[in-house]
Structure formats: structure tokens, C-alpha cells
Amino acid sequence: MSTTFAANNSSPLSLSKSATTTCASLLRELQEIWDEIGESDTDRDKMLLQLEQECLDIYRRKVERSRKYKAELHQSLAEFEAEITQLTSALGERLSMPRYEKMKDNLKHQISFISPTLENLRLKKQARVKEFSEIEFQIALICAEIAGSDQILDPSGIQVDELDLTTKKLGELKSHLQELQFERNLRLQKVSIHVSAIHQLSVVMSLDFKKIMTKIHPSLVDTVGESKSISNETLAKLTSEMNSLKQEKLLRLLQVQDFGRSLKELWSLMDMPIQDQKRFDHVTRLITSAADEVLSPGSLSVDVIEQTEIEVERLNGLKATKMKELIFRRQSELEEIYKSVHMDIDSDKAWQLLISLVEYGTNDLSDLLSSMDDQIAIAKEQAQSRKDILDKVEKWKHAFEEESWLDEYERDENRYSAGRGVHKNLKRAEKARILVSKIPSLVENLTTKVKVWEQEKGMPFIYNKTPLLQTLEDFTISRQAKEEEKRRSREQKKLQDQLATEQEALFGSKPSVKKPLGQSTYANTMVGTPNNRRLGTPAARLGISGGNGRRDSGKVGAVIPINYVALSKDDRRN
């Protein structure tokens, strides 16, 4: 044992010598055995030759195995070097490898030297592949969300290009991932904005928001733990739905505004109570609103529109009756305007035509009412153009009345007798004489103004169914005749006074008989005609009585010259 242990711990040369000694001793022992057996030399040579051949075979096999193992070590070293080169290339790292053929180290030492480096590179590659895989999986997820794919991705199914694991490529992937994440955030914001806008529109128009969202994509309805769809298709549907709802909102708003304006017109037309109007304040306040300003929940719902439409239809039903009343009221107003300025009208025929138009006419009552308003405006304009002349006619009539009173007063022989009201009558008589003295200038100025008016308007100035110029001319002629009659009366009175004086001289004086005021023999002759023929005089045409009575123009009609109910004298004759 000690010999064997020494041989195992000695150098290769000492081991060779020991083996030679052992073989020699074994050979001597074998020869002794052969001697005892009696083997021949020939057999001994054969067995020695066989033994030597077996030893050579053993050595040869051993050498071959050693040579093969050496080649394997060279192969492993080369593979390690190649793998290191590949890993450094894939990882994009620089690593200087020593030239081992110039080193004196054996192959195992060389392999043991580079093994840690190789293992470190392998660990780096593994970590880099994992990082690449995670980034590419995130990229694939975002791309699938944008594409709208419902396919479930498996992280293990991600194929990483292990030939390019450089930090540059990793940086590019990270940058691409950041761009996709930014794109996803933008899309999420767009989705959120569109969903919010659709929700607001749904609230205003009382629509089923969840039903709309489910129709676009189920993930848009509040679901726990599920991300919202951000695909191009979803965004397109959201945009389309939002635009469609905005258009629907605008159409409903226009419809509500139209109904609101109709309500206000009908309320104004029919003098509806404020309490009834307040029920539709939520409608009328939208008349001037823009679509973006309408935010109240349910303000444009189908129920609101239908209720408003029903109310408009109800009021339109009442409108016809009210319109008839208003039209008849406008006709009465029109007649009053013409009546106030002494213009002529065929009232009966005008009312018959108006009733026929209202009951059986094809025109809209609103148009008829509008026409009546236009006629009233024209009538007021005509009345205004006649106002100055009518004011002067009133002054003329007043002066004429005062003149008639003055004539009666001067014929009263007891006007200076003491009594009640004498002082007032004296003052009135004084003023009347001044006013009567202005009658010629009043008539002249009035005639001039009437002629100017007729020239501007191209028509005669009618007053109480008679041309005013004709009345003025008749008045002037009548006044001249009256003055002539007064002159003759004064001359006749002088003659009578002379005869009375002569009779008094011959037969003596006679007692005079007093006559009461108003019983003068000259009363009717001074005024012009008896009472039963008074309407033929110019004064009668102006509505003035021959005595102290005032004018009465309340029984005179008015002319309606245009449109539906306006009838001229010629139409009436036809």
C-alpha cells in the first residue's frame, strides 16, 4: 500500500519506473510459474507477445481517449469564446479576450478562466431578454387596444430577437412604448371627452345613456376592472354618435324655439294670464339660447316637445275665435278713426264684406288682422294729415255759432235790461263780435289749406260726405246773401222808423209791444232757412244749428278706403 500511495503522489517519471519494476517482478513470477508448469519457450514467447500486444492496445486506447478529450476541451474553449463573442455582440458590450495560444496555461485552466465571464454574460442576456419581453408585451397590448383586437395575449408567446439585445435597441423599444402610452392616454382622454359630451346630451334630451354606450362598446359602461376601449372603431363610433346627438339637439332646440315663439305670439294675441304663461317658462327662455347654452336636464326631452306642441295646438284652436273678435274690434277702431275726422264710410257693406271674409274667406285670419292693422295705420296717418284743417274747421264752426248767437242777442230788445246773466252776455257779445270779424280770414285761410291738401293728396277733402271746398263756397255765398239781407233789413227798418215818426207827428205816439228773446220776426230769415230745411245750408253740413245749440257730429261715419273692407262711394252705388 505504501508503495502504491507513493507512486500516486510522485511525478510521472517516478510512476514509470515503479511500473517497470512491478512489471519485471510480475514477469519473473510468471516465468517461475511457467517453469513449474513446464511451458515451452514457444508458448512462452506467444504469451509474452500477446501480453505485450494487450499492453500496447491499452496504451493506445488511453492515448486516443486523451487526444479526444483534448479535442473536446479545445472545442469547448472555442465554443465558449464564440458564445462570448455572440453574447457581447448581442448585448452590444465590448470585452477583450486574451490570446490563449500564447499563454502557457493548460486547457482546463483556460476554460476555468473564461467560464465566470461567460456565466455573467449569460445572466445579462437572460435579464435583457426578460426586459425586452416585458416591453414588447406592453407594446403588443397597447397595439391590440388601438386595433380593437379581442384576442387575449400570452406573455410567453412574445418572440424576442436574441441577436439584438443592445441598449440602443432597448432604448428604441422604450421610446416606442412611451409613444404608444402617450397615444393611449390621448385616446383615453378623447374617449372620456366624447363619453362626457354624450352623457350631457343624453341628460338634456332625456335619452338612455347606458343603452347608447353599450351599443358603441360594452366597456364604455361602468365596469369594474375593465379598461375602456380606445380602438379606432370605438373613437369613430363615439365621434359619429356625438355629432348625431348634437344635430338632434339642434333640431329639437329649433323646434322648441319655434313652439316658444308661437306660444308668445298666441299669449300676446289672446291676453293669456301670467300664471298660464309661467307653466312654459322653461320653453320660452330657450328662444334666444344657443345650442351650447342649453344644459338643463330634460329641457329638450320628447315629453317637453310633445307637451309644448299640444299647448300650441290648443291655443291655435282658440286663436280663430279670438282672431275674429280682434278683427271686428279693429274694424270698429277703424270706423272710429274715420268718424273722428268726419270721413265717409259705407259701414253696412263694409261689415258684410268683412264677415264674409272671416267666415268663408280663404285667406289666413292672421293676414287679415295684419291688413287691418295696416289700414288702421294708414287711417291714423290720414287723420293726422287732416288734423290741421279740422282744427281750423272747428274754429270756423265756433265762430259761426257765436255769430248766430250774436244775431239772436242783438235782436233781443231787452238785452240791456237789468237781470240775471246780463253782464256775462255783454262780455260774450264783445268776444263774439271780435270772433265774427275774423270769419272772412278764417274762411280764406281754410280754403287755401284745403286746396293745398287736395293738391298734395290728389283727392277732394270730404267733410261729412260733402267736399269741404264746396261747403266753404256755399258758406261764402250764403254769408254774402245774408249780409245783403241784413243791409236791406236795416234800410227797411229805417223806412219803418220814418213812417212811425210821421204817424206819431200826425196821430200821436203808440205804446210799443215787447217781444221775448228768440221771438224776433227776423230770426229765421237771419239764420237762413226754417228748421225743417236746415240740412241744406253750409252750416248744417258742418253740423251747426241755427240757434244757440252746438254741433253734433256723433252721427257721422268714417271712410275705410283700402283693402278688405274699404268701400268707396262708387262701389256702394254699384
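**Group meeting: walking through a predicted helical model**

The protein chain has a mean pLDDT of 76, with 78% of its residues at 70 or more, where pLDDT is the predictor's confidence in each residue, from 0 to 100. This is a predicted model, in which local features need pLDDT of at least 70 and side-chain atom pairs count only at pLDDT 80 or more, while totals for chains, interfaces and linings use all residues. Residues are numbered from 1 along each chain as its sequence is written, and side-chain values use heavy atoms, with hydrogens and water left out.

Let me begin with confidence. In the protein chain it is highest in H7, at a mean of 91, and lowest in helix H16 (residues 523-527), at 35; helices here are DSSP runs of H or I with at least four residues, strands are runs of E with at least two, and both are numbered from the N terminus. Over residues 1-15 the pLDDT stays under 50, and the model has 4 contacts for them beyond four places in sequence, a contact meaning heavy atoms within 4.5 Å. Residues 512-536 also have pLDDT below 50, and this stretch has 30 contacts in the model beyond near neighbours in sequence. Where pLDDT is low, the predicted coordinates should not be read in detail.

Turning to the overall fold, the protein chain has 18 helices and 2 strands. Of its 574 residues, 32% are buried, where buried means under 20% relative accessible area, exposed means over 50%, and partly exposed lies in between, with a 1.4 Å probe and protein chains only. Among contacts between residues at least 6 apart in sequence, 76% join residues at least 24 apart.

Which residues have the most contacts inside the largest nonpolar core? That core has 69 residues, and the ones in question are Ile 198, Met 213, Leu 238, Leu 300 and Ile 327; a nonpolar core is a set of buried Ala, Val, Leu, Ile, Met, Phe, Trp, Tyr and Cys residues joined through side-chain atoms within 4.5 Å. Among the elements that give it two or more residues are helix H3 (41-91), helix H5 (167-205), helix H7 (232-270) and helix H12 (365-411). A second, separate core of 31 residues includes Ala 383, Val 393, Phe 461 and Phe 475. Coming back to Met 213, and setting aside residues up to four places away in sequence, this residue touches Val 195, Ile 198, Pro 218, Leu 220, Val 221 and Leu 238.

Next, some polar residues. Arg 252 lies in helix H7 and counts as buried, with a relative accessible area of 9%. A polar atom of the Arg 252 side chain lies 2.8 Å from the backbone oxygen of Leu 300. Beyond four places in sequence, Arg 252 touches Met 205, Leu 207, Leu 300, Ser 301, Val 302 and Ile 305.

Thr 166, in the loop between H4 and H5, is buried at 17% relative accessible area. A polar atom of the Thr 166 side chain lies 3.2 Å from the backbone nitrogen of Lys 169, and the residues touched by Thr 166 include Ser 89, Leu 91, Arg 128 and Phe 132.

At the other end of H5, the helix is followed by Ser 206, whose phi is positive, near 55°. Most residues other than glycine have a negative phi. Ser 206 lies in the loop between H5 and H6 and, at 48% relative accessibility, counts as partly exposed.

How far apart are the end C-alpha atoms of H5? They are 56 Å apart, which agrees with the 57 Å that its 39 residues should span at 1.5 Å a residue, the expected span being 1.5 Å times one less than the number of residues. For helix H15 (residues 468-507), the 40 residues should span 58 Å, and its end C-alpha atoms are 56 Å apart, which agrees.

The buried residues of H15 include Phe 475, Arg 479, Lys 482 and Lys 486. Glu 403, placed in helix H12, is buried at 3% relative accessibility, and beyond its neighbours within four places in sequence Glu 403 is in contact with Val 436, Ile 439, Arg 479 and Lys 482. Glu 403 and Arg 433, 30 residues apart in sequence, are 7.6 Å apart in space, C-alpha to C-alpha.

Finally, the cysteines. Taking a disulfide as a pair of cysteine sulfur atoms within 2.5 Å, the count comes to 0 disulfides. Cys 55 is partly exposed at 36% relative accessibility, and Cys 143 is partly exposed at 34%.

Notes. Polar contact = N/O pair within 3.5 Å; in protein donor to acceptor, adjacent residues only side chain to side chain.
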